[in-house]
Amino acid sequence: MSSSRKCVFSPATRAEVLLELYGVFCLPKHATLSNVQADLGFAGAGSEDPIVPGRPCGHIFSKGESCFRCKDCALDDSCVLCSRCFHSSDHSDHNVSFFVAQQAGGCCDCGDMEAWRKPISCPFHPLAPHVQEQIEQSLSTADATPRVTQRSISEEIPFIENYPYRVDIPPDLRDLMSRTIAYALDFILDTLDYSPDEATVPPNEADLRLQPSADPMQKDQYAIIIWNDDKHSFDEVIKLITETTGHDKKTASIFAHSIDDAGREIIDISGDVPRLLEAAHSMTKIELGVTIRRAYDTFREQVACVIIEWLLDLTRSRLGADTLIIKEIIAAELLSPRRQENTYFTSGPQIPDLAADLAHPCRIDWLFVYHTRLWKKPRIHLKAIYASILILSHPHKIAIASTTASLTLIFLLNLIVNFFTNHIEDKHILTTPPAKQDIDVESTPFRSKRFMPVFSDLRYLCHNRPVQQLIARHPAFIRKFVEVCQVFRCINPNKRVASNHVEYEADAWISVFNVTLSLSRVIKVYGEAFAFANPTQLVGAITTVVREILGVCTLSTDRLDKEKFSKPMLHDVEFGDAQYQIVDFNVLEGWVSFHHSLHWLLADLLKHVDILSEESLEQIGLSGVRDLFLRPFNEGAILTLIDFPLRVLAMIAQIRAGLWVRNGFPIRGQLLHYRDFMLRELCYDQDLFILQSSLIILDPNIIIVSILDRFGLLSFFRGEVEKSPYEGAHLLSMVEELLYVLITILGERASATKLPFQRAIRREIVHALAAGPSSFTDLAKRVSERMVDDVSFERVLKDVSHFRAPESTSDTGVYELKDAIYDEVDPFTFHYTRNKREEVEVILKNRLRKKTGVKDPVIVPKPLTITSGPFQILPSVLESEALLQVMFYAIYNVIALTNSAGTAPPSAEAILDQTFQLIMLALVERPSVFSHVSVIKPFAEEKKLADIICAMEHDEKYKPYKSRIDWVLTEISKHVPEGVQPPRKVLSPAAPASDVEGVKKRATKARQEAIMAEMKAQHEIFSLNFEEEEDENDQDMDETPDDLSSYGTCIVCQEDLNEAKAFGSLGLVQPSRLLRKHPDSHSQYLNELMTMPQSLDRASPRDTTFPPANAEELDTTSSPNFDGFPTQYTRFGLHASVCGHMMHLDCFQNYNSSIRQRHRSHATRNHPENIHRKEYICPLCKSLGNVLLPVLHPSKAPASQVPFPDWIRAAGISVLKSKPDSVMDGLQFRSGTGEFVFWSAQDPGYGAAVRKPEAAASTKMLDTLMLSSRMVSQQTRHLRERPEPEVGERGAGMYLPEDLVGYTISAIEVAARGTDSSGGIVADSLSLSDTQSRMIRGLLASLTRLAALELDGRPDGGRESVKQAIIKRLLPEWSRTSLTSFSYPLLLRDPFTVLIETAAVAPEMLQHVLILCYYACLARTVIGMVYVLNKARTYTAFQQSAARAHADIFGDVRMFFMSVVRHSPVFEHTATLVFDAFGEARIEKMLFAFTLPFLRRAAILCRSVVPFTFPTPLLGASNVNEYKRLLATLGIPPLADLPNQDTLQTALSGWCAHYGHSHAASQLNCGIVLDYAAVYGIVRLPLILDNIFGERDKVMKCHRCDTVPTDAAICLICGVTCCMASHCCQDELGIRGECNMHTRECGGAIGVYFVVKRCSLLYLYAGHGTFTQSPYLDVHGEVDVSMRRGRRQYIHPARWEEVRKTWLNHGIPTAVARKLESTVDSGGWETL
Ligand SMILES: [Zn+2]
Ligand SMILES: [Zn+2]
Ligand SMILES: [Zn+2]
Ligand SMILES: [Zn+2]
Ligand SMILES: [Zn+2]
Ligand SMILES: [Zn+2]
Ligand SMILES: [Zn+2]
């Protein structure tokens, strides 16, 4: 290779290497074989693989692709399905999760018979016929996992049989291929021999030269490589490269991208060693992965990388139609040993000694070990190669899995030992075991989290069935593992601090717990593996573990710290009538560690009770478990063995009793971990089980005495309370803890019976839910993680509980225990705390009471029912004398202490509860024997257990125990009647009856009194609350329009708001692109109109079930851009909103200056409000605002009684009479539209008017509105389509009546579509609140004020002249001048704007002008429809519509239609064609739909201004459609009545003629665009989240960069996909990300996105933003941020509707501001 002499690797080198490798194929440069084959379609390449039964799918996932896991179908967590296979197979009701492949590599397991519990029946990957039979056979035989029998690992893997596309190849060729591949693999391995494990830079030149190198010349040519670490940003890396190497920014950027892409990059090669070293050192300063090695070695690595690429390509290529042969050859070579020709030079390579652990390491083993020496790209390629070989055949899988498994296992175990004993040299973890294993919990191995993955790898590996068999059957594996466990034995012990507090609270315990709990998870799996063992193997393992434990505990091996631990000694103890020799240890004084990993392992081994049964142990010559332990070890040894867990149990009892308070937080923290619900089964429960096991190995009495001794309670239970080491509350607390342990080891049966896991899960779930309903997450926290992960968990959960789906936007789904299941609840279950137990007891008793009618029911313990295995003898422990003595003194001492103190001491109740539980259990299990001993065996004062119980029976103090005492005594008397009768107090039959009556009465009275007292207390609380509420009501009352004098109080100064001082309502004016125009180029929108409901003010029924029904089917119809609305059909305008709060103008100004003050003092914070935009936050509700609007009450004027024709005539006459008003004419647009210049946002006249001194003070409030409007107007000329005067001229800018007031009312109307108006009209609906109509009045008042400012000389603020001008505009034929001055046809103006102008200056004529405007609207709509339908005429896909439905409203539609258009012949022609094409019924329906919004908007406007003119009429039948209801309310004669309306006809024909003549003269600018008439929607996201990924390259593609974004954000308005915060899509300055860029084109100031990867919503507003909760919930009705849990997620209707509402109500700016206000935000939203 030519360039290799210089060792510079370039793309050309790659091509050369490939060329060399492909040899004879003569491929084009840079091309790969598989691509060329696919392009040529060689032997079927490039097309879908043919379906071959028995061939698995093997689809290799690319990054970002969705993969599915089905717990019900898969054998283990590693089995996944590709989207195609998942969706083609049936998993309804299965526990399915999905995830997005974070990197390329894994493959689909569909069709692999090994991966599934049952056939998943994917049509693309059927099983081979014989396999199908086999599986069916095994399914029918037993519930055993269907699995093909294991074949042994043969040396040579046979060729795959029955492959129909097999090609015969000559042996020569095959041999040549094998040799080439072998050579290539060896080259890779030989190269990697020299590669380093970790990125380090040698400190100096000498060390640099000492690095291992294969360079035969040892040339001083070196290369610097930067490694990808996913920590540093592009910019950081680019900056670093330019600074240290002198490359320019462009080259550096290319490097940075290839580092990210490939995983590493050579950034410099040179012989200038000092310079390179210096550069490398400065790079390591920012902790970037950097290596500097000889260029020769680096070059070889790059070549190796190309070879790997070539190998991968080969796995994708075919020989003829045979797609397997090449993979088979590669597999064979990977599984062969490497040919090593180690010719080392000066410095030897880093070669681990694989032979030490493996008999015959093969190439794949080496590659595995060297995996970490490679980088991202070759690693991914290698994984893909492995994956493609694994799926070749079952033998291949076994061969690869087992060689790697055993290697990995040993490798990982060694790694753990060496890592934690700090046996690390030069950053290489040595692979040989260290001589002495000292462990230091403060050392870095413990502190770094880096090692956690090793444990999970290990656990994952051990889950594998072949590996489990390996572990169970080969003693070497348990020995190796014991070696690992013992490293962590007894680490980090604690000693009680008796006098002063610990000074330094070390937190090493946290990392120790992290490590040992990770280990204990492995222990669990390792222990479980022994289910595959036979008795010999299991006994062997147990003996190994016990011997190891004893070796450590007796300090015969040099493991424990001699300063803290000493050799356990035995001491003699007397208890009852016997003497015991037990271990001597005082927990109050000695060192105790929480960590007993070997005991935990032993516990798991002992749980295989089926293998440890007497029958099976007999086979190997043991008489039972007792024999198993006591033959090799003596009693003392076993006592020593159990003493260590016992010490922990005693210690935690003392900690809980408050005896270790001086040890501070560390001890409490450890306790919390140890007892944590999710973790305790790994430690606490294991220790308890060891203790339970000891009961069946040794004499139970000696165990009980040992426990008493360790707990320091011997004297208490000897009846010598005063000799106890504890006092008072501590003492009784310890007794309570002790009883807990006893109940647990005597009553807990799960491990003792090897309870099937599914039953164990059921038990845990039932108990977790017994206290009340719970969400899935909370439930999962109360159950061990292993159970939650199990496949059956959710099925069991479904069995025992009901699911309540979330209904609102804030609740989550909960599970509720089924009623019948409560019978399974045991309040004394060992996972309950005392509080929980009591809580559940109450629930159970209430149920029993209801069921049986018994007033005080007894919950009798359930029998243990241990029917087989070594624990069968457990119940006999209940006969033990020591235990009887414990029961006796527990009660006796409590009674004595109660009597002496006069009241019950603390814990007394719990102690009695627990003791009765024990007694009752004994009576259930051993009724006869226990009854006898309880009446025979005397203790203190010669009393027996039965005696003291009898004594309690009628004692008032022990009334709560009455029913239990009764039960116990009755049980005993069944067996020994004479034993109970004498001491039991017999009450005379008469007395108790009357007494009972008396008690009952007293009780009833007491209860009544209690209820009265409670009611009184509640009333007080209630009235307190009520007073507050009344205050609020007062406020509301003040705001009602009836009270003219006051408007409520100022939220700043709390003083009255009235005419005395200026005040206003806080409001926000925001730019908006919400309003939509009818998209005339999309025929589906016409179809939508056809199917629209007749009323928009009736709620449309929504499906709110969760998870949505038929989601999968509904999702199959995906549409481009998620049915988003085309951005180009939106209308720009200003939207005003108010929060309802009010302030004095003065207070407002003060408040604003305080905001500016705050901004100055917190300059770095990203404030929720932008002061340049005059924004502020409402101090009360935190709404965003930027204006202060005037507040007025509506007019009380009643409707005018003048009939419409009379009014028109009078109005016309007044116009005729009026004198020419040249000033007024001058104030109208020169374009002849009739609009008024002073109502424009940028009208220069406003500034002039305000500058007049007399105006200044009164315009301050108006100023806020004008400032905000003008600011937006200036920046948005390009978004407006209306003809406007030039900037600087009068009337420039947005026209406020239309662009602000009209826009706002329209938006209110649009937002109200589809919501119920509760029987009235739209203006009555709840969403159109008082606040909104007040705001509309405020906006109109501002317009009035603007007119008055302009015409301030005139009486009435010039209203009269503006009014005249409006009438002239509407009735031009009455005026002498106006026909000439209004060149612009009225029909080209929005009639609603004219109505607003009227409302601002002449509300008294609103009623009549409204009729004119409606007819203008009708005519205008006809014109607009001609334009729309003319475009749509060719569309054929048109909904069939029935006969006419609204003849009563519209009369002769054709006649009206034609009369509108008849003035322009061209237009008339088009209209005729259109009308004939669509027909009268459809045209009518469209006219209805397009004009309904006008009526709705008019109703809102009129109701706000003159409510008494337009009351809601009594409409009687509620099925009257909205159109008719509105016409009636507004007093508008329907079109059907037009023939009777002469005046209207005249006006109409005038307008139409004007339009027609203009159109005839020039068709330019005569188009009319209609508003979108239907209910507004956001995009339609799939109902199931993962369906987004299904066709992601089709639906989620960024149009800017044409890729599927790594972090996709879907615009919920238009459905476009953006690259969020990505380097690829930014504006030129690199400031704004694509979401922000798109927002400008789409929503304007606001953006709403669904961020797919984060699984949340993104709201943007003017450079600010916030993430909010996802509309998707998982099956449990809970959110899953970033898809961490990976459940399938479904859209939640209420949450989704909430998003739509927020957007529709213009709520995003406030939502963003509120979020920013509540958090400390540092900004950066514009980069998204
Ligand atoms: Zn597949
Ligand atoms: Zn499949
Ligand atoms: Zn399934
Ligand atoms: Zn005030
Ligand atoms: Zn507010
Ligand atoms: Zn992009
Ligand atoms: Zn958009």
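This short talk covers a zinc site and some salt bridges in one predicted model.

Some ground rules. Residues count from 1 along each chain as its sequence is written, chains are lettered from A and ligands numbered from 1 in the order in which they are written, and side-chain values use heavy atoms, with hydrogens and water left out. Because the model is predicted, local features need pLDDT of at least 70 and side-chain atom pairs count only at pLDDT 80 or more, while totals for chains, interfaces and linings use all residues.

Zinc first. Which residues hold the zinc ion (ligand 2)? Cys85 (SG), Cys110 (SG), Cys122 (SG) and His125 (ND1) coordinate the ion, at 2.1 to 2.3 Å. Donors here are N, O and S atoms within 2.8 Å of the metal (3.2 Å for Na, K and Ca); water is not among the atoms, so sites may look incomplete.

Now the geometry. The site of the zinc ion (ligand 2) is tetrahedral, with angles of 105 to 119° among its 4 donor atoms. The ideal angle for four tetrahedral donors is 109.5 degrees.

Along the sequence, the donor spacing reads C-x24-C-x11-C-x2-H. There is a neighbour to mention. The zinc ion (ligand 1) sits 4.2 Å from the zinc ion (ligand 2), and Cys85 coordinates both.

Cys110 and Cys122 both lie in the loop between strand E3 (96–100) and helix H4 (129–141), so the pair ties together parts that are 12 residues apart in sequence. Helices (H or I, at least four residues) and strands (E, at least two) are DSSP runs, numbered from the N terminus. Are these cysteines buried or exposed? Cys110 is buried, at 0% relative accessible area. Cys122 is buried too, at 4%. The cut-offs: buried is under 20%, exposed over 50%, partly exposed in between (1.4 Å probe, protein chains only).

On to salt bridges. One needs a side-chain nitrogen of Lys or Arg within 4 Å of a carboxyl oxygen of Asp or Glu. By this rule there are 83.

Take Arg762 and Glu824. Their closest N and O atoms are 2.7 Å apart. Arg762 is in helix H30 (residues 757–769), and Glu824 is in the loop between strand E14 (814–817) and helix H34 (834–852), 62 residues apart. Arg762 is partly exposed at 24%, and Glu824 is partly exposed at 33%.

Next, Lys1077 and Glu1281. Here the closest N and O atoms are 3.0 Å apart. Lys1077 is buried, at 8%, whereas Glu1281 is exposed, at 63%.

Technical notes. Four donors count as tetrahedral if all angles lie between 85 and 135 degrees; four count as square planar and six as octahedral if opposite donors are over 155 degrees apart and all others between 65 and 115; anything else is irregular.
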